[in-house]
Structures are given as C-alpha cells and as structure tokens.
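I set down here what I looked up in this structure, entry by entry.

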Amino acid sequence: MNSQPPPPGQGGQYYGYQGAPPPGQQPYQQQGYYNYGQQPPPGQYSGQAPPPGQYPGQGPPPPGQYPNQQYPPAGAPPPQGQPPYQGQPPYGAPPAAPYGQAPYGQQPPPPGGAPAPYGQQQPGYPPQQYGGMQQPPNQQWQQPPAGQPYGGYQVQPTPASPGYDPAQKQWAQHVDTTLDAETLRKAMKGFGCNERAIIDVYTMSKYQNPWAMQQLVRDYNSRFMRDLAKDIESETRGDFETALLALTRGPLENEVFMLEKALNRAGTDEEALNDILLCRSNADIRAIVAEYRKRHGRELLTEIKSDVDDTLFRLYSMVLSANRAEDAAPVIPAEIDQKITELQRATEGQIGANAVAVAQILTSSNSSQIHAMSDAYQRKYHRNLQDVIEKEFRGDMEDALLFMLTSGMDRGKADAQGIRSAVTKTIRKDRILINRVFRLYLDRGRLDAAKAAYKRLYGATMTKDLREYLSGDYENLLVAMTGK
C-alpha cells in the first residue's frame with residue numbers, strides 16, 4: 001500500500017499514515033498479535049480505542065474545542081493555529097481510504113485515474129485489458145449500440161459480414177477497374193461470349209471484397225453506359241448466369257433476392273430461409289430486414305407469417321428481433337446449466353415437446369454457448385442433444401433446430417455438410433449451393449475450415465466433388481471461387 005506523509009505539523013498515525021510524532025509524544029501503534037497479552041509501554045495503546053476526545057498520537061484538543069467528540073463537526077475550521085490540510089479530506093470529514101483503495105460502496109479506480117470513455121484505452125492497463133475485463137482477441141473496442149449486458153458491462157457487438165454495412169466502404173481499398181471493365185465488355189461484345197475471361201475477372205482476389213466488386217459494377221456501367229447485370233443475363237445461361245448475377249449483386253442484395261424467391265412461390269422454401277436467417281449476427285439480421293423493406297416496401301416478418309405455420313413463425317420472429325448473444329458474450333456455467341435444465345424439461349421431461357421454448361434458447365445463444373450447452377447436456381443427462389432433437393421434433397422445426405445446433409457445435413463441419421448436401425442431391429437447389437459457396441468465398445478462414453472438414457468427413461476434397469457433380473462454366477466458376 002502506498003503511503004503519504006501527514007500534513008505539516010501533524011505527527012503520529014493519521015488515517016493509516018505513519019510519521020514522526022510531535023515532540024514529547026509517543027507514536028500511536030496498534031499492538032500486534034505476536035505480543036498479545038503484554039503490557040504496552042507507557043503512553044501507548046494496546047489495540048484499544050484512545051480515550052474519548054483524544055486523537056491517536058496526539059494530546060487532547062484545546063479546551064473548549066469539540067468536547068467528547070472523536071472528530072470535529074463536518075465543515076468546522078481546523079483548530080486555531082493549525083494550517084488547513086493539504087491533499088486531505090475537508091476538516092471534519094470521515095477518514096479517507098488508504099491510497100489505492102476505494103471508499104466503501106465504490107469500485108477502485110484503475111491505475112492512472114478515472115476510467116477512460118468506453119472504446120478508449122485506459123492508461124496503465126495492458127493493451128488487452130479494460131477495467132479488469134479481458135478484451136476479446138483480435139478485435140478493437142468501439143462504441144457499441146445498446147447491446148447485451150453480461151455481468152454489468154456491454155459486450156462488444158459482432159461486426160456485420162463483408163458487404164452488409166455501408167460503413168465498411170471507408171476501409172475498402174480503392175482498386176483500378178479500368179482494364180477489368182474493358183475485359184468484361186470485350187468478353188460479352190459481339191457474337192458469342194468469352195466465359196473464361198468473365199470467370200477470371202470475377203474471381204480475382206481483389207474482388208473478394210464486395211465493395212470492390214460494387215466499384216467494378218459501377219465503373220462498368222458509367223464507362224460504357226450499360227448495365228453489367230443485364231449484359232450478364234443476355235450473354236450467359238443457366239446456373240452459370242445465376243452464380244455470376246449473385247456475385248454482381250453482392251451478398252446482401254443477393255440474399256434479399258433469395259428471400260423474395262423463397263417466399264413468393266408455390267410452397268415456401270424453408271431451407272433457403274434457414275440458410276439465410278439462422279445463426280447470423282444481429283448486425284446482419286438488421287441489415288437484411290432493412291434491405292428487404294427498402295427493396296420491397298414490406299416487412300420481412302409479415303411476409304414470413306403468411307407462408308409458414310405458427311410455431312415456425314415464432315422461431316423466425318425471435319431470429320428477426322436480433323437479440324442473439326454477440327459472439328464475444330461469455331459462456332457462464334451457471335447460465336448454461338439453467339438452459340440445459342430448461343431444454344430437458346421442454347423435450348424429454350414432458351409429453352409433447354415445447355418447440356418454442358427450445359427455439360428461444362437456441363436463437364438467443366451464440367455458437368460458443370450452444371457448444372457448451374451440448375457438452376453440458378451430454379454430461380448431465382448422458383444423451384446427445386442432437387439425438388434428443390431428432391427424436392422429439394419433425395419436419396421444418398426439426399431442420400431449423402438442428403441447423404442452429406450443428407452450426408454452433410462446429411461451423412466448419414456444418415458448412416462442409418451444407419455444400420455436400422446441396423451438390424449431391426438428386427434435385428439440386430443450385431441457388432442455395434451458390435449462396436453457400438459465395439458466403440465461404442467472402443471469408444477465407446471459414447472456407448479453409450470447411451474444406452478441411454469436408455476432406456475429413458467425406459474422404460475427398462470439396463473441389464473434387466464440385467468437378468464430379470457440376471459441369472461446364474458453372475463448374476469452373478465455383479471451383480475458382482473455392483480454390484483447389
């Protein structure tokens with residue numbers, strides 16, 4: 001504990017500070033346990049309170065000043081002839097806490113002074129620490145919107161995916177599109193189409209940034225006074241055209257386009273809804289809802305309500321409320337135990353499973369929490385949570401719950417299974433396959449994890465299966481997007 005000398009002219013121990021006593025007086029010392037029972041020297045106190053009205057280490061106050069009081073009244077001036085205290089509490093105030101300790105009922109200040117505003121590094125703290133709380137790795141603190149409180153502090157919000165937040169444009173590096181725009185125009189000009197040239201331009205590494213691709217589209221349109229998407233539509237066909245148009249639109253616009261297709265047809269495509277909406281960050285969900293409203297003038301949730309049953313609608317309403325735990329939210333064992341108890345009661349613990357209760361738990365949890373719940377359920381009830389869901393539910397609700405569970409357990413494995421399922425189905429949904437590949441294409445780390453899981457699960461590379469099940473320019477484009 002740091003200490004400070006008492007004010008000039010004040011000897012003895014004052015509020016925890018030890019200094020030289022006034023001439024002719026003994027310093028005040030509290031008797032330690034090691035010599036308990038011994039008589040203290042004359043003039044010293046053996047751990048007992050000093051006589052009434054007497055300050056430790058000092059004589060009684062001058063006659064007529066504060067009789068029978070241990071401390072003078074708050075706000076009273078110091079005794080006559082004594083200078084005001086420097087750097088101490090006002091005369092008559094309760095004793096100050098020792099240096100480095102906070103007053104009762106207050107949190108101790110961090111080293112260097114008062115806490116810095118949220119999002120600024122506090123002087124004196126290590127770079128990865130703020131207010132005694134560990135910062136999530138590889139992330140920068142920034143001022144969050146109203147987020148999810150955990151233990152009294154705000155959790156760092158998960159950033160939007162590439163292409164979902166216009167604020168990302170300011171960090172997107174400007175690229176020179178002149179030669180690439182000319183190559184695209186030449187490939188589609190006149191008779192025939194050079195598909196290989198289009199693939200080479202579209203899969204350049206610089207255009208993996210959706211904002212760079214948006215710049216290419218804008219520059220092409222303004223330079224040649226044409227519409228790149230319409231040129232693609234007129235010069236290409238089939239799934240190759242669908243994949244090129246998805247890249248041209250960008251991830252957010254393409255998923256909104258897919259939602260419209262999934263909802264405006266004979267029979268809702270719940271697989272597409274799950275693929276786009278489940279296990280997404282709150283930032284992505286808000287962007288999707290806003291973009292759908294902007295493009296169609298209708299609320300996405302209202303559109304979903306007219307196409308699905310009541311239980312599935314309640315699940316999607318939870319998802320679109322964007323109240324999922326942020327990725328940086330911690331795994332708290334007590335909360336995990338409470339949630340698996342609720343899961344057991346909502347499934348095996350009653351006759352007739354409560355799908356809404358299970359959906360509430362899974363839609364509000366991040367991947368780490370879902371993983372922890374699955375492990376804890378196995379330890380506590382000696383059953384696999386995936387087996388429980390498969391036993392208790394059927395149809396679209398089972399698919400949605402399993403989608404969230406498997407994605408939370410191992411996203412790389414879930415992505416690999418999604419590609420394998422989409423590419424090998426007898427009746428293949430190529431729009432979903434394209435969107436799954438597109439999402440991996442925008443996140444190299446996620447793509448590498450999916451490819452490793454694919455090889456581990458199926459004994460073949462993702463590229464090999466894409467070449468085996470696809471063909472032509474469509475095959476060449478998706479292989480170029482996933483790499484070898």
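**Entry: His382.** I noted that His382, at 63% relative accessibility, counts as exposed, where exposed means over 50% relative accessible area, buried under 20% and partly exposed in between (1.4 Å probe, protein chains only). His382 lies in the loop between helix H13 (367-381) and helix H14 (385-392); helices are DSSP runs of H or I with at least four residues, numbered from the N terminus. Its phi is positive, about 60°, although His382 is not a glycine.

**Entry: basis.** The model is predicted, so I kept in mind that local features need pLDDT of at least 70 and that side-chain atom pairs count only at pLDDT 80 or more, whereas totals for chains, interfaces and linings use all residues. Residues are numbered from 1 along each chain as its sequence is written, and side-chain values use heavy atoms, with hydrogens and water left out.

**Entry: Met225.** I then looked up Met225, which is found in the loop between helix H3 (210-224) and helix H4 (228-235). Met225 is not a glycine, yet its phi is positive, near 55°. With a relative accessibility of 71%, Met225 counts as exposed.

**Entry: Gln344.** Is Gln344 buried or exposed? At 17% relative accessibility, I recorded Gln344 as buried. Gln344 belongs to helix H11 (residues 333-346). Setting aside neighbours within four places in sequence, I found Gln344 in contact (heavy atoms within 4.5 Å) with Gly349, Tyr377 and Tyr381.

**Entry: H12 and H15.** Helix H12 (residues 355-363) packs with helix H15 (residues 395-409) at an angle of about 25°, the axes being 10 Å apart. Axes are lines fitted to C-alpha atoms over the stretch in contact, and angles run from 0 to 180 degrees between N-to-C directions. H12 and H15 are therefore roughly parallel, a term for angles under 35 degrees. From H12, I listed Ala355, Val358, Ala359, Leu362 and Thr363 in the contact, and from H15, Met397, Leu401 and Met404. By class, this contact of H12 with H15 has seven nonpolar residues, one polar and no charged.

**Entry: H19.** Which residues of helix H19 (residues 462-469) are buried? I recorded Met462, Thr463, Asp465 and Leu466. These residues cover an arc of only 165° around the axis, which puts them on the same side of H19; the arc is that of the directions from the helix axis to the C-beta atoms. The buried residues of H19 pack against helix H16 (411-424), helix H17 (430-441), helix H18 (444-458) and helix H20 (472-482).

How values were computed. Helices (H or I, at least four residues) and strands (E, at least two) are DSSP runs, numbered from the N terminus. Angles under 35 degrees count as roughly parallel, over 145 as roughly antiparallel, 65 to 115 as roughly perpendicular and the rest as oblique. Ala, Val, Leu, Ile, Met, Phe, Trp, Tyr, Cys and Pro count as nonpolar, Asp, Glu, Lys and Arg as charged, and the others, Gly among them, as polar.
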